[in-house]
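Reader: I'm new to this. Could you walk me through how to read a protein structure?

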Amino acid sequence: MVAFNVMFGFAFLASSFVMFIVKERISGTRHLLMLSGLNPAVYWLSAFMWDIFNFSNTFPTDAGAVPTVRCLLLLRRYIPVVLLLELMYGWAVIPLMYL
């Protein structure tokens, strides 16, 4: 049950990364930036770096919460593995938002 809830939360985290791009598409901000001469690589790199920054702020909060979950207290030796999997999940999912 804990694994399901954690993955459910991470699905919401991943969907929050794509919301910024969708809002820019709806409002036409990206089109305005491209018309003004912004290099597309700069646009996508800045969006990617912003998502990495947001994930970097979220991960320490989650890393602090994982050891407090009662059923994981029984499995203290697996906490570093769980945190590593969460970190790898973030780094894997963010580039997929731009496909």
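Author: Glutamate 24 has a relative accessible area of 10%, so it is buried. This is a predicted model, where local features need pLDDT of at least 70, side-chain atom pairs count only at pLDDT 80 or more, and totals for chains, interfaces and linings use all residues. Residues are numbered from 1 along each chain as its sequence is written, and side-chain values use heavy atoms, with hydrogens and water left out.

Reader: Which residues does glutamate 24 touch, not counting those up to four places away in sequence?

Author: Contact means heavy atoms within 4.5 Å. Glutamate 24, in helix α1, touches Thr29, Arg30 and Tyr43 on that count. Helices are DSSP runs (H or I, at least four residues), numbered from the N terminus.

Reader: Which residues of α3 are buried?

Author: In α3 the buried ones are Tyr43, Ala47, Asp51, Ile52, Phe55, Phe59 and Ala63. Phenylalanine 59 is in contact with Leu83, Glu86 and Leu87, leaving aside neighbours within four places in sequence.

Reader: How many residues make up the largest nonpolar core?

Author: A nonpolar core is a set of buried Ala, Val, Leu, Ile, Met, Phe, Trp, Tyr and Cys residues joined through side-chain atoms within 4.5 Å. The largest one here has 12 residues, including Phe10, Phe59 and Leu83. Helices α1, α3 and α5 each supply at least two residues of this core.

Reader: And is tyrosine 78 buried or partly exposed?

Author: Partly exposed, because its relative accessibility is 38%. Tyrosine 78 is found in the loop between α4 (70–73) and α5 (79–96).

Conventions:
Buried < 20%, exposed > 50% of the residue type's maximum accessible area, 1.4 Å probe, protein only.
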